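Please read the following report beside the sequence and the coordinates.

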Amino acid sequence: MGESVTITTPDGAFSAYVARPAAAKAPAIVVIQEIFGVNAVMRGIADGFAAQGFLAICPDLFWRMEPGVDITDQSEAEWKKAFALYNAFDVDLGVKDIGATIAHVRQDAGCAGKVGAVGFCLGGLLAFLTATRTDIDASVGYYGVGIEKHVGEADKLADPLMLHIAEADQFVPKEAQKLIIASLKNHPQVEIFTYPGRDHAFARPGGEHYDAADAAKANARTLAFFQKALG
């Protein structure tokens, strides 16, 4: 269903997976990867947004370290590689590359104008920073890791942001969750949903902590949010 495109920046070029909707023009959504690269799960999410009427683009944000990472969460070796990439990843450069992706997709003939972003895990943090640092029109973060270190940037939030927080997230301690919620709950642009009993990546199909009911609930909220903000 998808195609590969190249995004050129002053720092170099990187690839992105694009999934197109049936409509000739549609709002766009930047799908921001987890720590496993642009893998089958991320491509599937992009395909899903395309099926729901959006132009979806998923950039390869690990390209500066290793282009074309495409691994799963199914083996210890892949987890080790994923965490090594995560630990070496430069978040600021990642947001810069997302900015380049936004600019690229706005110029796409199939883009109706507005662009949203949705990210998972590492991508959840990047979705938050995309909301505070770029001209994105709306952002959604699923179980973002490390958002609590950046809540001071919320005063730069000018467009809608939705956060999905897993209450039993092994990578986002309770204290971090409390700080995120306390810092953002009264912001006029922010909606936060928490999911009791859910661990990290509860919305990743095939993942160890996948929960179909809460994944469907979160995804329905995300879809309605984008339809309103980008429509």
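## A84 in helix α2

In this predicted model, A84 counts as partly exposed because its relative accessibility is 46%, where partly exposed covers the range between buried, under 20% relative accessible area, and exposed, over 50%, computed with a 1.4 Å probe on protein chains only. A84 lies in helix α2, which spans residues 76-88; helices here are DSSP runs of H or I with at least four residues, strands are runs of E with at least two, and both are numbered from the N terminus. Although 49 residues separate A84 from I35 along the chain, their C-alpha atoms are 9.3 Å apart.

The model is predicted, so that local features need pLDDT of at least 70 and side-chain atom pairs count only at pLDDT 80 or more, while totals for chains, interfaces and linings use all residues. Residues are numbered from 1 along each chain as its sequence is written, and side-chain values use heavy atoms, with hydrogens and water left out.

G113 belongs to strand β5, residues 111-120, and is partly exposed because its relative accessible area is 32%. Leaving aside residues up to four places away in sequence, G113 touches R106 and D137, a contact being heavy atoms within 4.5 Å. Between G113 and I180 there are 67 residues of sequence separation and a C-alpha to C-alpha distance of 31 Å.

A203 sits in the loop between β8 (190-195) and α6 (212-230), and it is buried because its relative accessible area is 8%. With residues up to four places away in sequence again left out, A203 touches Y142, Y143, Y210 and A215. From A203 to K217 the sequence separation is 14 residues, and the C-alpha to C-alpha distance is 9.6 Å.

## Strand pairing around β2

Strand β2 (residues 12-19) runs antiparallel to strand β1 (residues 3-9), and 7 bridges join them; strands are taken to pair if DSSP finds at least two bridges between them. β1 and β2 form a hairpin with 2 residues between them, and within this pairing T8 has A13 in β2 as its bridge partner.

Strand β2 is also joined by 4 bridges to strand β4 (residues 55-59), again in an antiparallel arrangement. There, A16 stands opposite P59 in β4.

## The chain as a whole

The protein chain has 6 helices and 8 strands, and their order along the sequence is β-β-β-α-β-α-α-β-α-β-β-α-β-α. A compact globule of 231 residues would have a radius of gyration near 17 Å, and the protein chain, at 16 Å, agrees with this; the radius is taken over C-alpha atoms, and the globule rule is 2.2 Å times the number of residues to the power 0.38. Along the principal axes, the C-alpha atoms fill a box of roughly 45 × 40 × 35 Å.

Of the 231 residues in the protein chain, 53% are buried. Among contacts with a separation of 6 or more, 68% are between residues 24 or more positions apart. The protein chain exposes about 9700 Å², of which carbon and sulfur atoms supply 54%, with areas from the Shrake-Rupley method and a 1.4 Å probe, and with only the protein chains shown counting as cover for residues.

The 20 positive and 28 negative charges of the protein chain have mean positions 4 Å apart. Lys and Arg count as positive and Asp and Glu as negative, with His and the chain ends not counted, and each charge is placed at NZ of Lys, CZ of Arg, CG of Asp or CD of Glu.
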